[in-house]
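Me: I'm new to this one and would like to learn how to read it. Could you walk me through it step by step?

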Amino acid sequence: MGNLPFVASMMLVAIGFLALITRRNLIKLAIGITVIEMGVNLFLVSLGYVRGGIAPVYTYAPPGFKQMVLPTPQALTLTAIVIGLATTALLLAFIVVIYRHRGTLDAGKIRELRG
Amino acid sequence: MVHAPILAIAVPLLGAFAAPLLAKLDKRARDAWVLAAGLAVAVFGIAVAVKVLGTGTPWVYTLGAPSPGAAVTQGGFPIRIVLVVDALGAFMGIVAILAGAVGLLYGLHYLREEEGKTLGLSLLLLLWAGILGLVYTGDLFNFFVFLEITSIAACALIGYRVWESRPPEAAFKTMTMYTLGGLLVLVAVGLLYGEHGALNIAYLSKLITGSAVERLALGLLLGGLLMKAGAVPAHMWAPDAYGEAPAMATVVLVANTQASIYAIMRVVFTLFGGALARPGIGWLIASLGTVTVIVAVLMALIQRHLGRLIAYGAVSQIGYMLLAVGVAAVARGGFGEVALRGGIFHMINDAASVGLLFLVAGAIRRAVGSVDLMGLGGLGRSLRWESGFFLLGALALAGIPPLNGFASKFLIYESAFRASPILSAIAVLASILLLAVVVRAFHGTFLGPEPKEAPPSPKGMLVAMGVLALLILVLGLFPGFFLGRLVGPAAKALLAGRAAYLAAVLGG
Amino acid sequence: MRIGSGEGFWGPIVWAILALGIAALGFAVWLQGRRTYKRGTEQEEPFLSGEKLPPGAPGIGGTHLYWGFTEALKPFLSRLAAFHTGFVGDYVGWLIVILVVAIMVVILT
């Protein structure tokens, strides 16, 4: 059961890649990327989890605590979430601009750059 | 100058975010500010390179310690984030500074105020900071963060011309690929952290034994970085991006791609250079490099769009570098070191020649308004300087002696021949085809029966192009000097210098 | 200034002097050309295969250079061009292919 979060995160990544390959709507592609991002973030958080651990803040730690969860993966995840926000915003901005130019969101039709 | 490595990253960041504020006050103040920031970055980067190459040991800069020279490890465990600049990092810093400075100088005259010049310059500085961080960092997670900074800044620059229909499309595709590549790197970082509980490259490198999780991490890192470098078949974003980005950004994008090659070198030779130094990885990279070279050149041959044509040429040059890295990973030392010297030397040569071609293409676009080879022609008389620069850059790209492209390709051919004659033969063949490509581009753009009128380019743009043209000549005529002073130590730092790198960070 | 690869060497200065010599020779040949043509007359007009070009004719554009070569390789080149579909899903698909190959190689070696 301890590996369940890793299985779940890898499934999220797989679902995201599946969406990227099979879907054609640009918004859905952006959602696919976000799903992969969430899977990776879940992977990082579960990496640092220690069974029975408490939040790694010494100031608020109750007396006589046994273990803390690892703080570094949480810091990594926070950074990754912020970066993910920036990339998602930029992707959506590009989608809006593309839609204004072409009047479609079908990635199969947005193929001016090819060959 | 104790703080030069971090200042080289921090100053362009400050420059980028302060530029829009200054632009609200006065446009000329903004230009002066951006130029001053660029000058400061150049000074810091060159100071780093001078010190690292002068002392011959990696420069470890500890962040968050009482003094930047403090020990990284406490109780045998590295607890602080570090910047580690060895000879290769210093060399890559010089390449990045060169590309960034030329791009900035060009951009100040190339961008138009009503198009959003301020934001273009800001993003350029941001991309520059990201590349410098990428090549200076000694910490895997910071590596990921800088990778994402370059991705975001690069894609925003690619989509700079939002009023046209092609650039947003290119930016969307590139952003998708860059994000996925970055996430693969992040998973690999997570795997390595889960296995060893550390993020410091030197410390991890000491602990790596070759377990299944580490192998998976290496595979993920290679997959993400090969895509970001533009290896066939995951290269398709590269011609889109290079072809549609404004010219001043493309020069820095080329340096960004080379930073990915640097990252592959760092991963293969330093991080996994101990227990996982297997020739199979080298053969993978070398064969992908060879495929990249030939596919990109053949695609360049049938392009109509001048930007895309040069972009495919740039992708083929990446193939040469990958080939060199692969050969070096097959044979560490001996002809492997020759290959590595060729590959590292090819980076600065490629930045100069491909950069010059992109700058000329940008000048043509600015003067004529189109870069379709069907409609171009006869510009040689009105754009004299540009045609001369284009010819020089094109011949250097094709590797015509005595220009710089030949000096590095010569080393790559000779060492690849020792590894496998087939790789070398394909590389030579591709170089011949590349000559056909650039002759076609030159003929289509500048020659033709009817001379066409075109307004001259601003002086600043010509100066930026002239810097790169001069560099091509100097690098081509005096390769021995650069190989001995800059490239040789960089190649040594990767192979024999791995122990020195680990010792510099971990002590003892 | 020579650089060696262990097998051979490369000395650009000698080559540059040689190239300059050949360029000087070419210049000397060019100097033998006629200078007495009259500007603004028919002597300045471009001809193609003995026919005067009609105004606005493009001549041989850049895209037609190496026509024979690209024509001979056309079946292969057109397939290569079709391989670059421009569809984002394919880009991602090839990224997965390269990733799987890299992981396989790393695990098997």
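Predicted model: local features only at pLDDT ≥ 70, side-chain atom pairs only at ≥ 80, totals over all residues.

Me: Let's start with the folds. How many helices and strands does chain A have?

Reply: The idea is to list the elements and then read them in order. Chain A has 3 helices and 0 strands, and its pattern along the sequence is α-α-α.

Me: Is chain A spread out or compact?

Reply: For that, you set the radius of gyration beside the value from the globule rule. The rule gives 13 Å for 115 residues, while chain A comes out at 19 Å, so the chain is more spread out than a compact globule. The C-alpha trace spans about 65 × 30 × 20 Å along its principal axes. Of the 115 residues in chain A, 37% are buried. As for contacts between residues at least 6 apart in sequence, 49% join residues at least 24 apart.

Me: And what pattern does chain C follow along the sequence?

Reply: Chain C reads β-β-α-β-β-α-α-α, which gives 4 helices and 4 strands. The C-alpha trace of chain C spans about 75 × 50 × 25 Å along its principal axes, and 28% of the 109 residues are buried.

Me: Now helix pairs. At what angle do the axes of H3 and H10 of chain B cross?

Reply: With a pair like this, look at the distance between the axes, then the angle, then the handedness. Helix H3 (residues 87–110) and helix H10 (residues 247–271) of chain B have axes that come within 7 Å and cross at roughly 170°. An angle over 145 degrees counts as roughly antiparallel, so that is how H3(B) runs relative to H10(B). Their crossing is left-handed.

Me: Which residues make the contact between H3(B) and H10(B)?

Reply: From H3(B), they include Gly89(B), Ala96(B), Gly100(B), Gly103(B) and Gly107(B). On the H10(B) side, Val251(B), Ala255(B), Ala259(B) and Arg266(B) are among them. Sorted by class, the contact has 15 nonpolar, 5 polar and 1 charged residues.

Me: What about H11 and H12 of chain B: how do their axes cross?

Reply: Helix H11 (residues 279–301) and helix H12 (residues 306–330) of chain B cross at roughly 160°, with axes that come within 7 Å. The two helices are therefore roughly antiparallel to each other. The crossing of H11(B) and H12(B) is left-handed. By class, their contact has 19 nonpolar, 8 polar and no charged residues.

Me: Where would I look for cis peptide bonds?

Reply: Check omega along the backbone. One cis bond joins Val232(B) and Pro233(B), with omega about 10°. Pro233(B) sits in the loop between helix H8 (212–229) and helix H9 (237–244) of chain B. Another cis bond runs from Pro401(B) to Pro402(B), where omega is near 5°. Pro402(B) belongs to the loop between H14 and helix H15 (404–419) of chain B.

Me: On to single residues. Is Lys409(B) buried or exposed?

Reply: Read the relative accessible area: under 20% means buried. Lys409(B) has 1%, so it is buried. Lys409(B) lies in helix H15 of chain B. Beyond residues up to four places away in sequence, Lys409(B) touches Gln317(B), Tyr320(B), His346(B), Leu397(B), Ala398(B), Gly399(B), Ser431(B) and Leu434(B).

Me: Where does Leu376(B) lie?

Reply: Leu376(B) is in the loop between helix H13 (335–368) and helix H14 (384–398) of chain B. At 11% relative accessibility, Leu376(B) counts as buried. Setting aside neighbours within four places in sequence, its contacts include Ile364(B), Val368(B), Gly444(B) and Lys452(B).

Definitions and conventions: Residues numbered from 1 in each chain as written. Chains lettered and ligands numbered in written order. Heavy atoms only, no water. Axes fitted to C-alpha atoms, helices over the stretch in contact; angles between N-to-C directions. Parallel < 35°, antiparallel > 145°, perpendicular 65-115°, else oblique. Left-handed = near helix turned anticlockwise from the far one by under 90°. Nonpolar A, V, L, I, M, F, W, Y, C, P; charged D, E, K, R; others polar. Rg over C-alpha atoms; globule rule 2.2 N^0.38 Å. Buried < 20%, exposed > 50% of the residue type's maximum accessible area, 1.4 Å probe, protein only. Contact = heavy atoms within 4.5 Å.
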